[in-house]
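I opened the model and took notes on its surface first, then on its overall build. Here is what I looked up.

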Amino acid sequence: MSVTGLPPYDSNNIFARILRGEIPCKRVLETEHALAFHDINPLSPSHILVIPKGEWVSAADFHAGASAEAIAGFWRAVGEVGRPLEASGYRILSNMGLDAGQEVPHFHVHVFGGRPLGPMLKRG
């Protein structure tokens, strides 16, 4: 299911429920500003989701409304999650909206690694 990536925020989305502890996750990292956990349907050997602690539907929404401290804390968490993959490389990805295939209406970053990932986008 794709979503628009535009407000309003749906407080019943799966990531909001994970943040509230209603749904369990396999945590990788938790900070004051972010939660990182393994994707339940991984697309690479390492596929970790990093979500900010707050009600943000997209990167644009997050960067326009979050505090500088929250933004910096979130991106530091993304970097920390990627650090173990630096030797071979990793990719970070965030989808926004229908054409990008956003499935959860909560801003999040995928951190992929553990194998060659191929081109950024499929041609055609």
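I began with the surface. Trp 75, Tyr 90 and Ile 92 form a nonpolar patch of about 260 Å². Patch members have over 30% relative accessible area and no salt bridge; like charges are joined within 9 Å, nonpolar side chains (Val, Leu, Ile, Met, Phe, Trp, Tyr) within 5 Å. A salt bridge is a side-chain nitrogen of Lys or Arg within 4 Å of a carboxyl oxygen of Asp or Glu.

I noted that this is a predicted model: local features need pLDDT of at least 70, side-chain atom pairs count only at pLDDT 80 or more, and totals for chains, interfaces and linings use all residues. Residues are numbered from 1 along each chain as its sequence is written, and side-chain values use heavy atoms, with hydrogens and water left out.

Next I looked at Trp 75. It sits in helix α3, residues 68-82. Trp 75 counts as partly exposed because its relative accessibility is 32% (buried is under 20%, exposed over 50%, partly exposed in between; 1.4 Å probe, protein chains only).

Then I counted elements. The protein has three helices and five strands (DSSP runs: H or I of at least four residues, E of at least two, numbered from the N terminus). Their order along the sequence is α-β-β-β-α-α-β-β.

Last, I checked the whole protein. Its C-alpha trace spans about 35 × 35 × 30 Å along the principal axes. Of the 124 residues, 40% are buried. Among contacts (heavy atoms within 4.5 Å) between residues at least 6 apart in sequence, 59% join residues at least 24 apart.

Conventions: Areas by Shrake-Rupley, 256 points an atom, 1.4 Å probe, with all protein chains shown as cover.
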